[in-house]
Amino acid sequence: MEDKKRNILISEEQISVRIKELGKELSEEYKDKNLYVLSLLRGSFIFSADLVRALDVKTKVGFMTTSSYGHAEESTGKVKVINDIPDNIEGYDVLIVDDIVDTGYTMEFIVNHVKSLGAKSVKSCVLLDKPSRRKVDINPDYRCFEIEDVFVVGFGLDYGNYYRNVPYVFNWE
(Lines give C-alpha, C1' and ligand atoms only; values in the text may rest on other atoms or scores of the structure.)
Protein backbone atom coordinates (compact mmCIF):
# COMPACT_ATOMS: atom_id res chain seq x y z
CA MET A 1 0.00 0.00 0.00
CA GLU A 2 2.81 2.41 0.88
CA ASP A 3 3.98 2.63 -2.73
CA LYS A 4 0.56 3.75 -3.98
CA LYS A 5 -0.49 7.38 -4.35
CA ARG A 6 -2.43 8.97 -1.49
CA ASN A 7 -5.88 10.26 -2.37
CA ILE A 8 -6.84 12.95 0.17
CA LEU A 9 -10.56 12.62 0.91
CA ILE A 10 -10.82 15.18 3.74
CA SER A 11 -8.16 17.85 4.16
CA GLU A 12 -6.60 19.06 7.39
CA GLU A 13 -8.36 22.41 6.92
CA GLN A 14 -11.79 20.81 6.37
CA ILE A 15 -11.35 18.74 9.53
CA SER A 16 -10.29 21.76 11.57
CA VAL A 17 -13.22 23.90 10.43
CA ARG A 18 -15.76 21.15 11.07
CA ILE A 19 -14.41 20.34 14.55
CA LYS A 20 -14.68 24.01 15.53
CA GLU A 21 -18.29 24.10 14.29
CA LEU A 22 -19.08 20.91 16.16
CA GLY A 23 -17.40 22.24 19.30
CA LYS A 24 -19.75 25.25 19.30
CA GLU A 25 -22.78 23.01 18.76
CA LEU A 26 -21.76 20.63 21.55
CA SER A 27 -20.93 23.51 23.90
CA GLU A 28 -24.48 24.76 23.48
CA GLU A 29 -25.92 21.25 23.92
CA TYR A 30 -23.94 20.56 27.10
CA LYS A 31 -23.76 24.06 28.64
CA ASP A 32 -25.81 23.16 31.72
CA LYS A 33 -24.89 19.48 31.91
CA ASN A 34 -22.31 17.31 33.61
CA LEU A 35 -20.27 16.32 30.52
CA TYR A 36 -18.03 13.27 30.40
CA VAL A 37 -16.26 12.73 27.08
CA LEU A 38 -15.40 9.06 26.59
CA SER A 39 -12.72 8.70 23.94
CA LEU A 40 -12.44 5.27 22.36
CA LEU A 41 -8.78 4.47 21.91
CA ARG A 42 -6.75 4.28 19.88
CA GLY A 43 -8.37 5.66 16.77
CA SER A 44 -10.15 8.63 18.29
CA PHE A 45 -7.34 10.16 20.33
CA ILE A 46 -6.48 12.88 17.81
CA PHE A 47 -10.11 13.74 17.07
CA SER A 48 -10.96 13.69 20.78
CA ALA A 49 -8.09 16.01 21.67
CA ASP A 50 -9.10 18.55 19.03
CA LEU A 51 -12.79 18.23 19.92
CA VAL A 52 -12.40 18.79 23.67
CA ARG A 53 -10.22 21.84 22.97
CA ALA A 54 -13.09 23.19 20.86
CA LEU A 55 -15.55 22.83 23.76
CA ASP A 56 -16.38 25.79 25.95
CA VAL A 57 -17.94 23.84 28.82
CA LYS A 58 -16.69 22.07 31.93
CA THR A 59 -15.62 18.64 30.69
CA LYS A 60 -14.29 15.48 32.25
CA VAL A 61 -12.41 13.16 29.87
CA GLY A 62 -11.89 9.42 30.08
CA PHE A 63 -10.63 6.70 27.80
CA MET A 64 -11.69 3.20 26.90
CA THR A 65 -9.97 0.74 24.61
CA THR A 66 -11.88 -1.80 22.57
CA SER A 67 -11.04 -3.93 19.58
CA SER A 68 -13.10 -5.39 16.77
CA TYR A 69 -10.62 -5.10 13.89
CA GLY A 70 -7.18 -6.26 15.01
CA HIS A 71 -4.99 -5.50 12.00
CA ALA A 72 -7.69 -6.24 9.43
CA GLU A 73 -9.68 -3.88 7.21
CA GLU A 74 -12.98 -5.55 8.20
CA SER A 75 -14.65 -5.63 11.61
CA THR A 76 -14.92 -9.07 13.18
CA GLY A 77 -18.29 -8.08 14.67
CA LYS A 78 -17.11 -9.10 18.14
CA VAL A 79 -16.20 -6.24 20.46
CA LYS A 80 -13.55 -6.91 23.05
CA VAL A 81 -12.93 -4.50 25.95
CA ILE A 82 -9.19 -4.05 26.42
CA ASN A 83 -9.33 -1.21 29.01
CA ASP A 84 -12.64 -0.22 30.59
CA ILE A 85 -13.82 3.24 31.68
CA PRO A 86 -11.59 4.34 34.59
CA ASP A 87 -14.18 6.54 36.30
CA ASN A 88 -17.58 6.27 37.89
CA ILE A 89 -19.84 7.82 35.23
CA GLU A 90 -23.09 7.50 37.14
CA GLY A 91 -25.10 10.71 36.67
CA TYR A 92 -22.89 12.08 33.89
CA ASP A 93 -24.01 13.09 30.41
CA VAL A 94 -21.64 10.91 28.43
CA LEU A 95 -20.49 11.76 24.92
CA ILE A 96 -18.79 8.76 23.32
CA VAL A 97 -16.18 9.94 20.81
CA ASP A 98 -14.86 7.61 18.13
CA ASP A 99 -12.99 7.94 14.87
CA ILE A 100 -15.47 6.10 12.64
CA VAL A 101 -18.76 4.21 12.69
CA ASP A 102 -19.22 1.72 9.90
CA THR A 103 -20.84 -1.61 10.90
CA GLY A 104 -21.95 -0.03 14.19
CA TYR A 105 -21.05 -3.07 16.31
CA THR A 106 -18.56 -1.19 18.49
CA MET A 107 -20.74 1.88 19.02
CA GLU A 108 -23.80 -0.22 19.83
CA PHE A 109 -21.77 -2.21 22.37
CA ILE A 110 -20.28 0.90 24.01
CA VAL A 111 -23.61 2.79 24.17
CA ASN A 112 -25.22 -0.17 25.94
CA HIS A 113 -22.21 -0.58 28.24
CA VAL A 114 -22.22 3.11 29.24
CA LYS A 115 -25.97 3.04 29.88
CA SER A 116 -25.52 0.00 32.14
CA LEU A 117 -23.06 2.01 34.25
CA GLY A 118 -25.70 4.60 35.16
CA ALA A 119 -24.96 7.47 32.82
CA LYS A 120 -27.65 10.17 32.89
CA SER A 121 -27.57 10.40 29.09
CA VAL A 122 -25.49 8.83 26.32
CA LYS A 123 -24.76 10.29 22.88
CA SER A 124 -22.18 9.50 20.26
CA CYS A 125 -19.90 11.69 18.17
CA VAL A 126 -17.70 10.49 15.33
CA LEU A 127 -15.24 11.97 12.91
CA LEU A 128 -16.46 9.73 10.09
CA ASP A 129 -19.76 7.99 9.45
CA LYS A 130 -19.98 5.20 6.89
CA PRO A 131 -23.74 4.39 6.89
CA SER A 132 -23.61 2.11 3.83
CA ARG A 133 -21.74 -0.46 5.98
CA ARG A 134 -24.17 -0.45 8.95
CA LYS A 135 -25.03 -3.89 10.30
CA VAL A 136 -26.97 -2.72 13.39
CA ASP A 137 -29.60 -0.04 13.93
CA ILE A 138 -27.44 2.74 15.34
CA ASN A 139 -26.45 6.13 14.02
CA PRO A 140 -24.11 8.69 15.58
CA ASP A 141 -25.80 11.66 17.22
CA TYR A 142 -23.03 13.93 15.90
CA ARG A 143 -20.67 13.43 12.99
CA CYS A 144 -18.12 15.49 11.17
CA PHE A 145 -18.27 13.78 7.80
CA GLU A 146 -20.17 11.04 6.00
CA ILE A 147 -18.06 8.93 3.66
CA GLU A 148 -18.57 6.22 1.09
CA ASP A 149 -17.53 2.60 1.62
CA VAL A 150 -13.78 3.02 1.19
CA PHE A 151 -10.96 2.03 3.53
CA VAL A 152 -9.49 5.23 4.99
CA VAL A 153 -6.49 6.18 7.09
CA GLY A 154 -5.10 9.28 8.75
CA PHE A 155 -6.20 11.62 11.53
CA GLY A 156 -6.17 8.77 14.04
CA LEU A 157 -7.28 5.98 11.73
CA ASP A 158 -4.60 3.41 11.04
CA TYR A 159 -3.41 0.73 8.70
CA GLY A 160 -1.35 -1.87 10.58
CA ASN A 161 -1.09 0.65 13.44
CA TYR A 162 0.62 3.23 11.20
CA TYR A 163 -0.55 6.53 9.64
CA ARG A 164 -2.51 7.74 12.67
CA ASN A 165 -0.31 10.86 12.71
CA VAL A 166 -1.27 11.97 9.19
CA PRO A 167 -3.26 15.24 9.60
CA TYR A 168 -5.86 14.43 6.92
CA VAL A 169 -8.03 11.46 5.89
CA PHE A 170 -6.95 9.55 2.79
CA ASN A 171 -7.06 6.29 0.92
CA TRP A 172 -4.71 4.83 -1.65
CA GLU A 173 -5.31 4.91 -5.39
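## Ser48 in helix 2

Ser48 sits in helix 2, which covers residues 45-53. Helices here are DSSP runs of H or I with at least four residues, strands are runs of E with at least two, and both are numbered from the N terminus. The model is predicted: local features need pLDDT of at least 70 and side-chain atom pairs count only at pLDDT 80 or more, while totals for chains, interfaces and linings use all residues. Residues are numbered from 1 along each chain as its sequence is written, and side-chain values use heavy atoms, with hydrogens and water left out.

Ser48 has a relative accessibility of 5%, so this residue counts as buried (under 20% relative accessible area; exposed is over 50% and partly exposed lies in between, with a 1.4 Å probe and protein chains only). Apart from neighbours within four places in sequence, Ser48 is in contact with Ser39 and Val97; contact means heavy atoms within 4.5 Å.

## Ser27 in helix 1

Ser27 belongs to helix 1, residues 12-29. Ser27 is also buried, at a relative accessible area of 10%. With neighbours within four places in sequence left aside, Ser27 is in contact with Ala54, Leu55, Asp56 and Val57. For Asp56, the side chain of Ser27 reaches the backbone nitrogen at 2.7 Å.

Six strands make up an open sheet of mixed pairing, in the order 4-3-2-5-6-7. Two strands pair if DSSP finds at least two bridges between them. Strand 4 (80-83) and strand 7 (142-146) are at the edges with a single partner strand each, so one side of each has no neighbour in the sheet. From one strand to the next, the twist averages 30°. Angles run from 0 to 180 degrees between N-to-C directions, and axes are lines fitted to C-alpha atoms, for helices over the stretch in contact.

Strand 5 (residues 93-101) pairs with strand 6 (residues 121-129) in the parallel sense, over eight bridges. Ile100 has Leu128 of strand 6 as its bridge partner. Helix 3 (residues 105-116) packs on the sheet and touches strand 2 (35-41), strand 3 (59-67), strand 4, strand 5 and strand 6. The direction of helix 3 makes about 165° with that of strand 5.

## Cysteines

The structure holds zero disulfides, a disulfide being a pair of cysteine sulfur atoms within 2.5 Å. For Cys125, the nearest cysteine sulfur is that of Cys144, 5.8 Å away. That distance is too far for a bond. Cys125 is buried at a relative accessible area of 0%, and Cys144 is buried at 8%.

Methods. A polar contact is a pair of N or O atoms within 3.5 Å; within protein, one must be able to donate a hydrogen and the other to accept it, and residues adjacent in sequence count only if both atoms are side-chain atoms.
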